[in-house]
Amino acid sequence: MGIKKSHVSDQVLAYLRKKIMLQELKEGDHLKETELSKELNVSRGPVREAIAKLETEGLVDTPSNGRTVVVHFSTRDIKNLYDSRILLEKQALNQIESSVLEERKDQLFAYVKQMQNSFNKGVRDIHTDLAFHGLLVEMANNKTLVQLWNSLQGIIHTLIDVTSEYVQMRQQEIINQHSKILNALVNRDVENAQELLRQHLEEASNYYTSAVESINKGGEI
């Protein structure tokens with residue numbers, strides 16, 4: 001696999017993260033910088049940066065012997081990830097001020113429209129889906145929430161990516177859920193918006209868990 005020179009470490013990170021989630025890199029496999037740099041045709045620096053990020057995400061571990069090895073990505077990890085998202089994003093909804101919502105709501109509606117347009121063309125628009133949630137967090141004007149969201153965004157993106165085919169059948173439902181959350185928020189029914197968000201993310205967690213279980217059993221997504 002060749003890697004483009006722009007944002008090299010991010011591309012290496014996404015590549016390795018995906019291989020771990022798809023079980024192409026298995027628990028205990030040793031990640032060797034020299035071999036990966038040759039495989040991807042990049043210098044060792046971006047590989048080293050990517051591995052460091054994987055370690056912060058809990059996908060690899062470097063014990064005292066210095067050998068970086070893959071850590072199993074489990075269904076429990078997915079539940080923990082989405083439980084964290086629920087807490088984070090519900091708090092963000094609670095902190096969005098009316099003036100900020102009025103200023104940014106058109107962008108949120110545009111994201112929902114873009115997701116629908118992509119779906120009508122047979123495309124799952126992961127980037128816009130996450131942009132919608134990221135904007136909700138940004139609108140809270142809480143730097144800590146934004147930092148937490150940014151730390152989770154990469155692994156969430158890859159998880160959605162590797163399970164896209166599995167959940168494609170419910171993509172219209174997913175888009176409708178985004179629309180309901182937004183409408184409740186615009187109507188200043190924050191509690192309802194929070195509950196709709198919780199349901200949306202819990203359902204996502206359940207579907208992604210089923211998909212990863214299928215991967216772990218060697219099944220088709």
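Biologist: Which residues does Ile156 touch, not counting residues up to four places away in sequence?
Modeller: In this predicted model, Ile156 belongs to the largest nonpolar core and is, with Leu16, Tyr82 and Leu159, one of the residues that touch the most other members. Once residues up to four places away in sequence are set aside, the residues that Ile156 touches are Leu81, Tyr82, Arg85, Leu130 and Trp149.

Biologist: Is Glu89 buried or exposed?
Modeller: Glu89 is part of helix 4, which spans residues 75-95. Its relative accessibility is 2%, and because buried means under 20%, Glu89 counts as buried.

Biologist: With which side chain does the side chain of Glu89 make a polar contact?
Modeller: Leaving aside neighbours within four places in sequence, Glu89 is in contact with His133, Val137, Trp149, Leu197 and Leu201. The polar contact from the side chain of Glu89 has a distance of 2.6 Å, and its partner is the side chain of His133.

Biologist: Which elements give two or more residues to the lining of the largest pocket?
Modeller: The largest pocket, with a volume of about 190 Å³, has a lining that includes Asp77, Asn80, Leu81, Ser151, Leu152 and Ile155. The elements that contribute two or more residues to this lining are helix 4 and helix 7.

Biologist: How many charged residues are in the lining of the largest pocket?
Modeller: Glu57 and Asp77 are among the lining residues, and both Glu and Asp count as charged. By class, the lining has 5 nonpolar and 4 polar residues, and the number of charged residues is 2.

Key:
Residues numbered from 1 in each chain as written. Predicted model: local features only at pLDDT ≥ 70, side-chain atom pairs only at ≥ 80, totals over all residues. Heavy atoms only, no water. Helix = DSSP H or I, 4+ residues; strand = E, 2+ residues; numbered from the N terminus. Buried < 20%, exposed > 50% of the residue type's maximum accessible area, 1.4 Å probe, protein only. Polar contact = N/O pair within 3.5 Å; in protein donor to acceptor, adjacent residues only side chain to side chain. Contact = heavy atoms within 4.5 Å. 1 Å grid on protein atoms, 1.4 Å probe; cavity = no way out; pocket = protein on both sides within 12 Å on 5 of 7 lines; lining within 4 Å. Points joined across faces, edges and corners; volume = space filled by probe spheres on them. Core = buried A, V, L, I, M, F, W, Y, C linked by side-chain atoms within 4.5 Å.
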